[in-house]
Amino acid sequence: MNAFVALEKLLGRKIDAVLCGEAGGVNSMTPFVVAAATGLPLVDGDGMGRAFPELQMETFALAGVSATPMVLCDDKGNTVTFETVSNRWTERLARAATVEMGGSALLAFYSMSGAKAKECVVRGTLTLCESIGRTLREAKANHGEPVKALASLLQAHNMFEGRIVDIERRTVGGFFRRTVGGFARGKVILNGTDDWKGHEMSIDFQNEFLLAMRDGEVVVTTPDLISLVDAETGLAVTTDSLRYGQRLVCLAYPCNPMWRTPLGIEVAGPRYFKYDVDYQPLAAAE
């Protein structure tokens, strides 16, 4: 609410509705809190249709919306406002401030008109999240197969099943030592089980999963979605909760079409993250 109120002051007008920046992790839930506290409508959509690690990686940005004016708040009561020359600079400066704030901050940004939002929101992602939860809950209650039910809902490919045998994390010293430049970067290695026995998959991540290789061959890259889920429950396993020995399934499914434009691939494709591969669109599973 501190960020919300501060942004209203910067804008010099009342905010009419709340919109999620991304449909992933805690960032998909904080707008619910603000909407409930203010009584404002919460738009059924977001600016990614997934999660990305950097602030300029928004469909809003692809449509020319500025991330600033932006407000960044921490749990100590500090508030920082930003007016930047580009959304990429917003990311760089806000990331540095977040590190100093202890690695966690809340923000309000990408203010836009309702007409502009209609152009660039990835629609229906909040109801999709609700459907995912319901699908997993009902599969468990009916003694079904949660991963298969989830894959069917998302039209996702089952890319691999295996156990984690190694997790490589890049670290720096100090209190924020598990991250590099404000990111959790690394790679997870899985050895195949069942139908995938004798095969290996490696997945690179930077807060989110970015590139998957099976037996040394690239099989899916950002901006398409790579998800690791628990093989028994279908529940998501995020990059920070990866543990040795976990039995996981790798699901992959197509990103929103806005990310498949030349600008979308430039902003969030594999070459942006320094991978020497071109983006090859993943088709939806039948």
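Is D276 buried or exposed? At 67% relative accessibility, D276 counts as exposed (over 50%; buried is under 20%, partly exposed is in between, with a 1.4 Å probe and protein chains only). The model is a predicted one, so local features need pLDDT of at least 70 and side-chain atom pairs pLDDT 80 or more, while totals for chains, interfaces and linings use all residues. Residues are numbered from 1 along each chain as its sequence is written, and side-chain values use heavy atoms, leaving out hydrogens and water.

D276 pairs up with R271 in a salt bridge, with 2.9 Å between the closest N and O atoms (the criterion is a Lys or Arg side-chain nitrogen within 4 Å of an Asp or Glu carboxyl oxygen). R271 itself is partly exposed, at 44% relative accessibility. The structure holds 14 salt bridges, including one between R247 and E161 at 2.6 Å, N to O. That pair ties together distant parts of the chain, since R247 sits in strand β13 (residues 247-253) and E161 in strand β7 (residues 157-169), 86 residues apart (strands are DSSP runs of E, at least two residues, and helices runs of H or I, at least four, numbered from the N terminus). E161 is buried, with a relative accessible area of 15%, whereas R247 is partly exposed at 24%.

Elsewhere, the side chains of E145 and K148 meet in a salt bridge at 3.6 Å, N to O. K148 counts as exposed, at 57% relative accessibility.
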